[in-house]
Amino acid sequence: MDAPEFQRARSPEAKRLREAAILTAARSLGHERGIRDVTLTDIAAAVGMHKSALLRYFETREEIFLRLTAEGWAEWSQALTARLRETAEPGPAAVARAFAATLAARGMFCDLLAHAPLNLERNVSLDAVREFKLATLAARVPIAAAVREQLPALDEQDVVDLVATAVSLAGALWQIANPGAEVAALYRGDPRLAHAVVEVEPRLARVLTATVTGLVAGRPEPRP
């Protein structure tokens, strides 16, 4: 039987608090183990409730992690926007470094970015997908404004392409940089596999610098 403090929430506020506790537990487990290895049973146990009780608040584990991905977008957007606006010498390299540094500092968010299109969006309701997509859309708005302040030559589609490239690549690179323990030991132990050892931030910064430079070069010169 569930502990008294985890009896079914009867009010909107109690439900909100219960959902927050579940998200906090999932976030902690995701940091500790990686998203792939966290089950719904693990989350329920961390909160101190039975899995069937947890399902009153979230349909699936994917919905829980999709919600955390949306929260990650909002938090990253705020951090990236602040960093871009603090940049003293704007230019493609500075913008790329801002994207790379803020993404690489958020390992779990990068992990979630990789899982979101692969499975988190596939085992939830259409309402959950809609809510997630609207959240990411809202997070992109301040990013676009800050990028275009730094690089006025870029248009809206350029920034959409830049953000999509950055988050897709960050998700993929994080997965490559964080293999299982046995695979990581294999890479370290065989010099022929040194190329498989990836550092996310410098690799991401190099690729994004080339991307932003190309986008700027592809825009027509402003008329005098």
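Modeller: This is a predicted model, and a residue to begin with is Glu75, which is partly exposed, with a relative accessible area of 38%.

Colleague: What does the side chain of Glu75 meet in a salt bridge?

Modeller: The side chain of Glu75 meets that of Arg106, with N to O at 2.6 Å. The two residues belong to distant parts of the chain, since Glu75 sits in helix 4 (residues 61-85) while Arg106 sits in the loop between helix 5 (92-104) and helix 6 (107-120), 31 residues apart.

Colleague: And Arg106, is that one buried or exposed?

Modeller: Arg106 is buried, because its relative accessible area is 19% and the cut-off for buried is under 20%.

Colleague: How many salt bridges does the count come to?

Modeller: The count comes to 10 salt bridges. Another one of them joins Glu149 and Arg85, where the closest N and O atoms are 3.0 Å apart. That pair also links distant parts of the chain, with Glu149 in helix 7 (residues 126-150) and Arg85 in helix 4, 64 residues apart. Glu149 is partly exposed at 48% relative accessibility, and Arg85 is partly exposed with a relative accessible area of 43%.

Colleague: Which pair sits about one helical turn apart in helix 1?

Modeller: That is Glu13 and Arg16, which are separated by about one helical turn because they are 3 residues apart in helix 1 (residues 12-33). Their side chains meet in a salt bridge at 2.8 Å, N to O. Glu13 is partly exposed with a relative accessible area of 41%, and Arg16 counts as partly exposed at 44%.

Colleague: Let's switch to helix 7, then. What span should its residues give?

Modeller: Helix 7 has 25 residues, which at 1.5 Å a residue should span 36 Å, and its end C-alpha atoms are 36 Å apart, so the two values agree.

Colleague: Which of its residues are buried, and what do they pack against?

Modeller: The buried residues of helix 7 include Ala128, Phe132, Ile143 and Val147. The buried residues of this helix pack against helix 4, helix 5, helix 6 and helix 8 (156-177).

Colleague: New topic: how many aromatic pairs are there?

Modeller: The count comes to 4 aromatic pairs. In one of them the ring centres of Trp73 and Trp76 are 5.6 Å apart and the planes stand at 75°, so this pair is edge-to-face. Trp73 and Trp76 are 3 residues apart in helix 4, which means that about one helical turn separates them, and both are buried. Trp76 also pairs with Phe109, with ring centres 6.0 Å apart and planes at 40°, so that pair is tilted.

Colleague: Where do Trp76 and Phe109 lie?

Modeller: Trp76 lies in helix 4 and Phe109 in helix 6, so their pair ties together parts that are 33 residues apart in sequence. Trp76 is buried with a relative accessible area of 0%, and Phe109 counts as buried at 5%. Ring pairs link Trp73, Trp76, Phe99 and Phe109 into a cluster.

Conventions: Residues are numbered from 1 along each chain as its sequence is written. This is a predicted model: local features need pLDDT of at least 70, side-chain atom pairs count only at pLDDT 80 or more; totals for chains, interfaces and linings use all residues. Side-chain values use heavy atoms; hydrogens and water are left out. A salt bridge is a side-chain nitrogen of Lys or Arg within 4 Å of a carboxyl oxygen of Asp or Glu. Helices (H or I, at least four residues) and strands (E, at least two) are DSSP runs, numbered from the N terminus. Buried means under 20% relative accessible area, exposed over 50%, partly exposed in between (1.4 Å probe, protein chains only). The expected span of a helix is 1.5 Å times one less than its number of residues. Contact means heavy atoms within 4.5 Å. Rings of Phe, Tyr and Trp (its six-membered ring) pair if their centres lie within 6.5 Å; planes under 30 degrees apart count as stacked, over 60 as edge-to-face and the rest as tilted.
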